[in-house]
2 protein chains.
Amino acid sequence: VRTIDWVDDAVVIIDQRLLPDEVRLVSLESVADVALAIRTLAVRGAMALGVAGALGLALAAREAVRDRQDVAEAVESAAAELLATRPTAVNLGWGIRRVLARVTDGPQAVIDEALSMLDEDVHKNRRLSMLGADFLDEVHGPPHRVLTHCNAGALACVDWGTALGVVRSSYERGRLAEVLVPETRPLLQGARLTAWELGQLGIPHFLITDSAGPGLIAGGRVDAVVVGADRIAANGDVANKVGTYGLALAAARAGVPFIVAAPESTIDQHTRDGTQIPIEQRAGDEVVGFQGYRTAPNGTRALNPAFDITPADLVTAIVTEDRVIRIGSGEKPASTSAEPALVDGTVAVTEGVRR
Amino acid sequence: VRTIDWVDDAVVIIDQRLLPDEVRLVSLESVADVALAIRTLAVRGAMALGVAGALGLALAAREAVRDRQDVAEAVESAAAELLATRPTAVNLGWGIRRVLARVTDGPQAVIDEALSMLDEDVHKNRRLSMLGADFLDEVHGPPHRVLTHCNAGALACVDWGTALGVVRSSYERGRLAEVLVPETRPLLQGARLTAWELGQLGIPHFLITDSAGPGLIAGGRVDAVVVGADRIAANGDVANKVGTYGLALAAARAGVPFIVAAPESTIDQHTRDGTQIPIEQRAGDEVVGFQGYRTAPNGTRALNPAFDITPADLVTAIVTEDRVIRIGSGEKPASTSAEPALVDGTVAVTEGVRR
């Protein structure tokens, strides 16, 4: 089962709010359904968001045809609605703009473009994971003890995963010893999603509190930190789930490699550095309690930034489906295949041919 | 109401496991009651543990007199039982050894020594808090926005608090703007205890996830980090609640002062540096769920270090009841009034005269 898919003219997702207790598939029949699913994190993760945005436009195109309305107008209106859901992840905008670029070719082109992104995502993740597993072997002699934050696994993508994909590829090669998984408050993607994925795959792992990561890194318990990204600036600064920055500081001080695993589409050439990346501020309700149970006194106010910025100087390398960008050796993310795709979709076609 | 007190020949504590929902006083009638209360964190915090250990011996002495048993034997056996409860906090051993040194003077001397520590704790904390508030004004122009981790408030002491005591003194002077409070997983001392204390005092505060601290410090939201300590090594390395190290790394990088507020008794001259401090590993149950509600999949294993070590080079200063040790300027904790107390209780007498 894929995390997000297109079945019978609807978007079908695994509702991630119910994991690990229940694996429930939910059918999203309208753009409003998709927007709500994104906002409530029923679907989340940089890659999955890109595909969700694209498939949302496919839904809009299909609906416009059925109701004999203007397709371009419907798709553009849907694009605006979906773009407004979450500000930090650049992939959401990337997926939406890529499909939007096909709207002049008619509704079927919109739908085809969106659907092409499903298989493409899986293939990219697998290539990225092989490169990442190679790089892990390069920076550290196996077996590897890896710490990964939040969930950049199959549940953050269509399938397979990015940071957790690297872990998975390394494990398949017999080179991975264990994974440390910070629980990732407030929404516990580590405890609920990553621990669940690793359990399904039979990969040895330990859950830890988010606070424990830096001390365990300093204590020699971690050979490499591997995380995903929600947006990478042109200078190599990385926005990722809140808590990533503290792990990067600890890794740098301990001389432990800090590796970012994310597809080219996560690199935003239009963002000069981390100071330009908008950080989503989510509701304080998520912090003062836990799934309906209140932990703090009534009336306690909370700040809830969902992401933080890890400066490029703390990053050892960024691994994409195409390359290893050795930030630690002075390399910078440069203009890549991701950018033309925003303009005319050429790359998507190339991708299709390549696989 | 004091966090821990001696009432009608029993130790009376606020049961901190029930806060913030309920303020319940519990009477501990035996050494075994005290040991269980310490182990389950019904009473916790470096200062409160020191007093709890001491009052536990007073209970043992009183009981031995009542049952016509050997007082020295009973007190020494109680000391061994209580010392084994928690390994990291040095104050527990300090309180126990200080009272133990009086056992040759008979049961009343044991009880008097233990009881003298109640008022003494409050007076020390108040002096420490004044010095800390002075130092805050020295390193940063008011108003101050302070981040404090875990709970080093009245609930960690007999009354008033250490790190939160500094916050309180600064607020009383009209120089404190707001406090950021990491929730402090797994047992949520920040959300349950510190937010509650600040609410009672009317001091403006925001709860945050533990992960959010480093990014908020980097983003300019924090003027100083002020924390307590469970043990300070002779070289200035600090053991404190897990998560402190990541905050110290972020503070150092941002040029934000990192201040440790703890009494002289927290300084362990016999511990050369942080590598010699034993880190308590608590049960994984605390991490895989939350107050009985399971968050991770069944069978998930967890690591649960309760403390981490912040190296001295990340510490701006240690503030005690007697002095400001400017670690950032090369000062080291040197032999102090705390040490003779371990041997013959002289300082306790001096303290008694001073107040």
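Me: Which residue in S14(B) does B:Asn240 stand opposite?

Reply: This is a predicted model, so every value here is computed from predicted coordinates. Strands in a sheet pair through backbone hydrogen bonds, in a parallel or an antiparallel sense. Here B:Asn240 faces B:Asp308 of S14(B). The two strands, S9(B) and S14 (residues 307-310) of chain B, run antiparallel and are joined by four bridges.

Me: What other strand of chain B is joined to S9(B), and by how many bridges?

Reply: Strand S8 (residues 231-233) of chain B is joined to strand S9 (residues 238-241) of chain B by two bridges, and the two run antiparallel. B:Ile232 has B:Val238 in S9(B) as its bridge partner. The hairpin of S8(B) and S9(B) has four residues between the strands, and in it B:Gly236 takes a positive phi near 100°.

Me: What is the strand order in the open sheet of seven strands in chain B?

Reply: The order is S6-S5-S4-S7-S10-S15-S16, with mixed pairing. The edges are strand S6 (205-208) and strand S16 (324-325) of chain B; each has a single partner strand, so one side of each has no neighbour in the sheet.

Me: Which helix packs on that sheet?

Reply: Helix H9 (residues 244-254) of chain B does, and it touches S4, S7 and strand S10 (258-261) of chain B. The direction of H9 makes about 140° with that of S10(B).

Me: In what sense do S4 and S7 of chain B pair?

Reply: Strand S4 (residues 144-147) and strand S7 (residues 224-227) of chain B pair in the parallel sense, over two bridges. B:Leu147 has B:Val225 in S7(B) as its bridge partner.

Me: How do I check the length of a helix, and what span should helix H2 of chain B have?

Reply: Helix H2 (residues 46-66) of chain B has 21 residues, which at 1.5 Å a residue should span 30 Å; the end C-alpha atoms are 31 Å apart, so the two agree. As for cover, 18 of the 21 residues of H2(B) are buried. Just after H2(B), B:Arg68 takes a positive phi of about 55°.

Me: Is A:Thr162 buried or exposed?

Reply: A:Thr162 is at 4% relative accessibility, so it counts as buried. A:Thr162 is found in the loop between S4 and H6 of chain A. Setting aside neighbours within four places in sequence, its contacts include A:Met47, A:Asn125, A:Leu128, A:Cys157 and A:Pro263.

Me: And A:Thr104, buried or exposed?

Reply: A:Thr104 is at 72% relative accessibility, so it counts as exposed. Its place is the loop between helix H4 (90-100) and helix H5 (107-139) of chain A. From A:Thr104 to A:Val71 the C-alpha distance is 9.2 Å, although the two are 33 residues apart in sequence.

Me: Which peptide bond in chain A is cis, with omega near 5°?

Reply: The bond from A:Pro142 to A:Pro143 is cis. A:Pro143 is in the loop between H5 and strand S4 (144-147) of chain A. In chain B, the bond from B:Pro142 to B:Pro143 is cis, with omega near 5°. B:Pro143 lies in the loop between helix H5 (107-139) and S4 of chain B.

Me: How many residues line the largest pocket?

Reply: Empty space is found by rolling a probe the size of a water molecule over the atoms. The largest pocket holds about 430 Å³ of space. It is lined by 20 residues, and those nearest its centre are A:Ile309, B:Gly215, B:Leu216, B:Ala218 and B:Gly219.

Me: Which element gives the largest share of that lining?

Reply: H8(B) does, with four residues. Strand S14 (307-310) of chain A, and helix H8 (212-218) and H9 of chain B, each supply at least two residues of the lining.

Notes. Residues numbered from 1 in each chain as written. Chains lettered and ligands numbered in written order. Predicted model: local features only at pLDDT ≥ 70, side-chain atom pairs only at ≥ 80, totals over all residues. Heavy atoms only, no water. Buried < 20%, exposed > 50% of the residue type's maximum accessible area, 1.4 Å probe, protein only. Pairing = 2+ DSSP bridges. Contact = heavy atoms within 4.5 Å. Axes fitted to C-alpha atoms, helices over the stretch in contact; angles between N-to-C directions. Expected span 1.5 Å × (residues − 1). 1 Å grid on protein atoms, 1.4 Å probe; cavity = no way out; pocket = protein on both sides within 12 Å on 5 of 7 lines; lining within 4 Å. Points joined across faces, edges and corners; volume = space filled by probe spheres on them.
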